[in-house]
Amino acid sequence: MTRSAPDRRPLRVAVVGGGPGGLYAAALLKRLDQAREVTVWERNAPDDTFGFGVVLSDETLGGIELADPVVHAALMDEFVRWDDIDIVHRGVCHTSSGHGFAALGRRRLLEILHERCRSLGVDLRFRSEAPDPDQLMRSHDLVIAADGVHSGVRETHAEVFRPSVRTHRCRYIWLAADFAFDAFRFEIAETEHGVMQLHAYPFSADASTVIVEMREEVWRAAGFADLDTDETIERCAKIFTEALGGRPLRANKSTWSTFRTVVNERWSHENLVLLGDAAHTAHFSIGSGTKLAVEDALALVACLEEHEALPAALAAYEEERRPVVTSTQRAARASLEWFENLGLYVDQPARQFAFNLLTRSRRVTHDNLRLRDARFTEAVERDFGCPPGTPPMFTPFRLRGLTLRNRVVVSPMDMYSAKDGVPGDFHLVHLGARALGGAGLVMTEMVCVSAEGRITPGCAGLYTGRQAEAWRRVTDFVHTRSPGTAIGVQLGHSGRKGSTRLMWEGMDEPLGEGDWPLVAASPIPYKAGSQTPRELTRAQLTDIREQFAGAAWRAARCGFDLLELHCAHGYLLSGFLSPLTNRRTDAYGGTLAKRLRFPLEVFDAVRSVWPEERPMTVRISATDWAEGGTTAEEAVEIARAFAAHGADAIDVSTGQVVAEEQPEFGRSYQTPYADRIRQETGIPVIAVGAISSWDDVNSLLLAGRTDLCALARPHLYDPHWTLHAAAEQAYTGPGAPWPEPYRAGSRRPQTGRTDAPKPRLELRAVP
């Protein structure tokens with residue numbers, strides 16, 4: 001049989017894989033055009049499936065209802081629904097309500113889809129290996145690869161799809177219990193071998209899915225590698241006997257697995273398209289696998305209907321679904337990594353632990369949880385120390401002799417607007433406006449300790465008396481016009497990233513004219529075309545250390561309340577810390593202890609001249625986002641080293657160390673590094689990086705992942721971000737006082753009316 005022309009809607013469709021996504025796509029395609037010939041190949045028998053329960057969201061069900069009311073009605077008859085999540089930690093159970101889940105058995109879901117496909121005339125071929133993908137592509141208008149995470153079809157054209165498969169650290173096994181839990185249950189078991197966790201939820205009136213998960217090293221230490229299935233089931237039931245009420249567990253082709261995150265650069269090739277786990281995977285802890293596959297099917301069929309030409313339809317499908325999938329995968333990865341690092345959190349108080357678990361993926365937040373379950377959220381706030389009516393972000397925090405009135409920090413941001421290192425009117429207005437805007441702490445940009453240590457000709461400094469006088473003008477304004485706001489200075493040296501153009505003229509691009517010589521830990525240019533720095537000698541190291549001390553002395557006389565040492569982003573001190581930029585063979589290079597030596601010498605020199613009662617923080621890059629660079633484990637040790645020398649908090653950033661970095665951007669994407677340092681060391685941390693909403697700030701604080709939140713771009717968009725956050729939360733307390741001249745504007749202004757009465761625009765016939 002011949003194929004349709006590529007500019008026509010496909011009439012002959014091959015679906016490889018009989019999971020929910022493939023079956024649903026087949027049913028929708030046939031329902032919309034009975035002339036279509038749709039064939040599904042599934043290697044297993046109709047009732048041969050792994051796992052037990054499937055969770056679908058109300059949003060997904062709404063899409064199913066619109067696309068196929070018959071399937072929707074059948075599903076609604078089978079669903080088990082519940083609202084609560086139980087979190088059991090060290091014998092204490094905390095329940096959070098209002099979450100709204102719906103689940104059914106995976107086998108029953110497949111039966112419903114089988115029945116629908118047969119009623120519509122889809123050709124279902126069970127116990128059948130699909131023909132070669134290339135053969136299918138020649139004989140069919142469209143080939144849908146829905147053959148799962150280990151997709152053979154995808155591998156046939158791997159050079160086109162360019163899949164990336166990442167294997168994670170935990171082992172897990174899908175089991176079932178023959179009774180229905182009355183909530184989604186998370187339970188933690190702290191065993192002699194390590195931490196294990198149970199995820200369980202009902203999928204019928206008399207059955208529940210039970211997933212047992214643990215780190216690979218815990219799994220091996222517990223001896224699971226040597227147990228058969230029956231022994232595994234018995235051991236898991238014994239470990240979680242309280243949760244199960246002494247009942248047994250059962251298996252269904254259950255084996256220990258390691259989760260694999262699949263990402264493909266492309267989802268289609270000619271008339272072949274990937275769907276569901278073949279295209280992407282997301283960790284089961286956010287219940288998204290079947291949901292994503294079904295939504296893929298809906299989107300693919302809709303795009304095929306909306307576009308005459310197949311290439312346009314497949315491009316539209318990927319364009320529509322990729323942002324949704326990427327967002328879901330980010331959330332799933334955050335959840336997955338939270339469970340991988342569960343051991344970090346077991347010492348948290350039980351209720352904070354529960355809140356931390358609930359908000360782990362960042363999709364459930366403080367404000368969202370308050371709407372779902374106000375009683376639980378208010379209890380978490382009380383435990384945190386929030387006075388009635390006070391959001392977490394407006395509670396005070398003490399660093400040495402400085403008490404910040406709230407937890408918001410205006411992050412250091414280079415303005416490149418100084419002349420000869422002297423801050424001018426721009427700096428006064430810029431920093432003064434942010435101080436009036438309500439933040440607890442306002443940080444300067446990186447203030448350079450020498451002319452040669454500037455990044456650009458527009459960078460500010462603290463290496464002359466004239467510069468110090470100009471900075472005193474700024475601190476005086478902040479202290480007199482915005483009393484209660486602290487202002488901090490960040491000191492740094494550009495190292496190999498200096499002598500470049502202003503940001504808007506070409507970031508990190510060499511000056512071309514007026515260059516000054518660069519110095520660094522090792523003679524390695526930042527990128528191709530950059531100036532090669534000279535490796536610092538012992539004498540030069542001494543000179544630079546004294547430059548830092550001199551700038552710190554001036555900063556103290558200027559009246560700054562806090563000093564931060566910049567050891568991040570590839571600048572001079574960061575260049576000593578990273579193994580990618582420090583290739584020295586003397587006492588200042590090699591092991592981490594040696595790479596720390598010069599930054600710690602500088603810290604000690606600065607601390608010795610900085611007033612005892614005033615705090616010092618250190619900004620670090622906790623990862624270089626590049627192979628062979630600083631690891632998360634090393635970042636913890638770097639933080640410990642600075643704390644041992646007297647650092648009061650660690651400001652945890654990442655990257656910008658090497659030009660070839662591959663950062664994994666996303667909402668609050670750097671926070672896990674701050675979180676880890678805080679949990680492992682107990683040192684106060686400042687989280688920074690794509691934190692943009694007050695809801696995120698409150699969530700991170702309540703979960704115990706950070707002590708302070710630094711925001712940069714939001715304060716460029718809105719200098720009064722903190723005051724506006726207070727107004728939006730109806731907070732009027734001492735954590736965010738409005739300046740007297742601005743008090744009349746402390747309530748949100750009215751917006752344009754959007755609910756005006758609508759005129760009648762249609763005439764209905766009178767019966």
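The model is predicted, so local features need pLDDT of at least 70 and side-chain atom pairs count only at pLDDT 80 or more, while totals for chains, interfaces and linings use all residues. Residues are numbered from 1 along each chain as its sequence is written, and side-chain values use heavy atoms, with hydrogens and water left out.

Salt bridges come first. A salt bridge is a side-chain nitrogen of Lys or Arg within 4 Å of a carboxyl oxygen of Asp or Glu, and the whole structure holds 47 of them. One of them joins R90 and E190, whose closest N and O atoms are 2.6 Å apart. This pair links distant parts of the chain: R90 sits in the loop between strand 5 and strand 6, E190 in strand 11, 100 residues apart. Helices (H or I, at least four residues) and strands (E, at least two) are DSSP runs, numbered from the N terminus. R90 is partly exposed at 48% relative accessible area; buried means under 20%, exposed over 50%, and partly exposed in between (1.4 Å probe, protein chains only).

Another salt bridge connects D648 and R400 (3.0 Å, N to O). D648 lies in the loop between helix 22 and strand 26 and R400 in the loop between strand 17 and strand 18, so the pair ties together parts that are 248 residues apart in sequence. D648 is buried, with 15% relative accessible area, whereas R400 is partly exposed at 27%. Elsewhere, E78, R108, E111 and E115 are linked in a network of salt bridges.

Aromatic rings are next. Rings of Phe, Tyr and Trp (its six-membered ring) pair if their centres lie within 6.5 Å; planes under 30 degrees apart count as stacked, over 60 as edge-to-face and the rest as tilted. The count by this rule is 26 aromatic pairs. F224 and W256 form a tilted pair, with 4.9 Å from centre to centre and 55 degrees between the planes. F224 is in the loop between helix 8 and helix 9 and W256 in the loop between helix 10 and strand 14, so this pair ties together parts that are 32 residues apart in sequence. F224 is buried at 1% relative accessible area, and W256 is buried at 13%.

The surface remains. Patches are made of residues with over 30% relative accessible area and no salt bridge, with like charges joined within 9 Å and nonpolar side chains (Val, Leu, Ile, Met, Phe, Trp, Tyr) within 5 Å. M503, W504 and M507 make a nonpolar surface patch of about 350 Å². W504 belongs to helix 18 and is exposed, at 53%.

Technical notes:
Accessible areas come from the Shrake-Rupley method with a 1.4 Å probe; for residues, only the protein chains shown count as cover.
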